[in-house]
Amino acid sequence: MAAANPRMSSFSRNQSAATSSQYSGLKHGPNGTSFVSSGIPDLDKILGGGFTLGTIVMVMEDAEAPHHMLLLRNFMSQGLVHNQPLLYASPAKDPRAFLGTLPCPILSKEEKSHDRETEKEKGLRIAWQYKKYFGENQQNFESHKEGKHEFCSDFDLRKPLDRHFLVGKRIDCLSLQDSLNLSMFRDRCSSFLAQLPSYDGGISGAGRIAIQSFCAPQCQYSDMGWDMLSFIRSLKSMIRSSNAVAVITFPPSLLSPSFSKRWQHLSDTLISVRAIPEEDKELSKLLTGYQDMVGLLNVHKVARPNTQVNQQ
């Protein structure tokens, strides 16, 4: 009997199971979509799997608290843990210094047990003629140490990211203060995306773009509203045809209401963060563990590519 061909339609791509298991940090979803993790497990669940590949995520900052930085740090750390190329743009003079604040993933029980077994193996003195019997186990330990991590990790905000996640990785840092105009920034994004593997029936990797406080007053283009809008449109067009996700944070209070609405409309996924008041008695009655919370995260819009569902 001839093997049946896999079912295909004009509305979905045929994704092999081997692709998602071969490349860590990627997960397939419905309608031919693929996800990368936001770095926050609960947010991935709310979004239906994570940030959709080929989309722009806009994060509205809170003017009173820098909670958007926590989301940005987890997003960047998760990509580096999965060995995904990263482009980070910031209004700071030295954006590379921000890499030292990225959190470290918390090891699972299975990973901790592997590490303990590896340490025991190093401490044993075994005669050379018996070492061949342990070769297979040693290879398993090494492959686990180098290889695949969970799709979404839990991060310890008190511990910085281990140095081996930063050394030898493709990390491009850019100060928005050095960009005299947005055409230079657009070219940097274009060259970064051009080096990512293109879609050829399967996805062999993904890249991440993180842009912090895009309309900050430190940037020389902060008063060029239409130029910033044009840049977002161009970036969205480039992201659509690439294996990447872009996260842009911005303070809506620095934009006019009309431009703020336009930015929100251009986003595929729209999120806002807000600090929790110290003494909100009504909120404390509704939320368990209120004292341990620092902010609220609201999801206003979820990306729906490859569908005819209305985004609004």
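Leu-71 is buried, with a relative accessible area of 3%. Buried here means under 20% relative accessible area, exposed means over 50%, and partly exposed lies in between (1.4 Å probe, protein chains only). The model is predicted: local features need pLDDT of at least 70, side-chain atom pairs count only at pLDDT 80 or more, and totals for chains, interfaces and linings use all residues. Residues are numbered from 1 along each chain as its sequence is written, and side-chain values use heavy atoms, with hydrogens and water left out.

Leu-71 belongs to helix H3. Helices (H or I, at least four residues) and strands (E, at least two) are DSSP runs, numbered from the N terminus. Beyond its neighbours within four places in sequence, Leu-71 touches Ser-38, Ile-40, Leu-43, Val-59, Ile-271 and Leu-297. Contact means heavy atoms within 4.5 Å. Ser-38 is 33 residues from Leu-71 along the chain, yet their C-alpha atoms are separated by 7.8 Å.

Helix H3 spans residues 68–81. It lies across E4, E5 (86–90), E8, E9 (207–211), E10, E11 (269–275) and E12. Helix H3 runs at about 160° to E9. Axes are lines fitted to C-alpha atoms, for helices over the stretch in contact, and angles run from 0 to 180 degrees between N-to-C directions.

These seven strands form an open sheet of mixed pairing, in the order E8-E5-E9-E10-E4-E11-E12. Strands E8 (171–175) and E12 (295–301) stand at the edges; each has a single partner strand, so one side of each is left without a neighbour in the sheet. From one strand to the next, the twist averages 15°. Two strands pair if DSSP finds at least two bridges between them. E4 (residues 56–60) and E10 (residues 244–250) run parallel and are joined by five bridges. Within this pair, Ile-56 has Ala-246 of E10 as its bridge partner.

Another open sheet has three strands in the order E1-E2-E3, with antiparallel pairing. E1 (27–28) and E3 (51–52) are at its edges, each with a single partner strand, so one side of each lacks a neighbour in the sheet. Two bridges join E1 to E2 (residues 34–36). Lys-27 stands opposite Phe-35 in E2.

The protein averages a pLDDT (the predictor's confidence in each residue, from 0 to 100) of 79, and 71% of the residues score at least 70. Over residues 1–22 the pLDDT is below 50, and this stretch has 23 contacts in the model beyond near neighbours in sequence. Residues 124–146 also have pLDDT below 50, with 10 such contacts.
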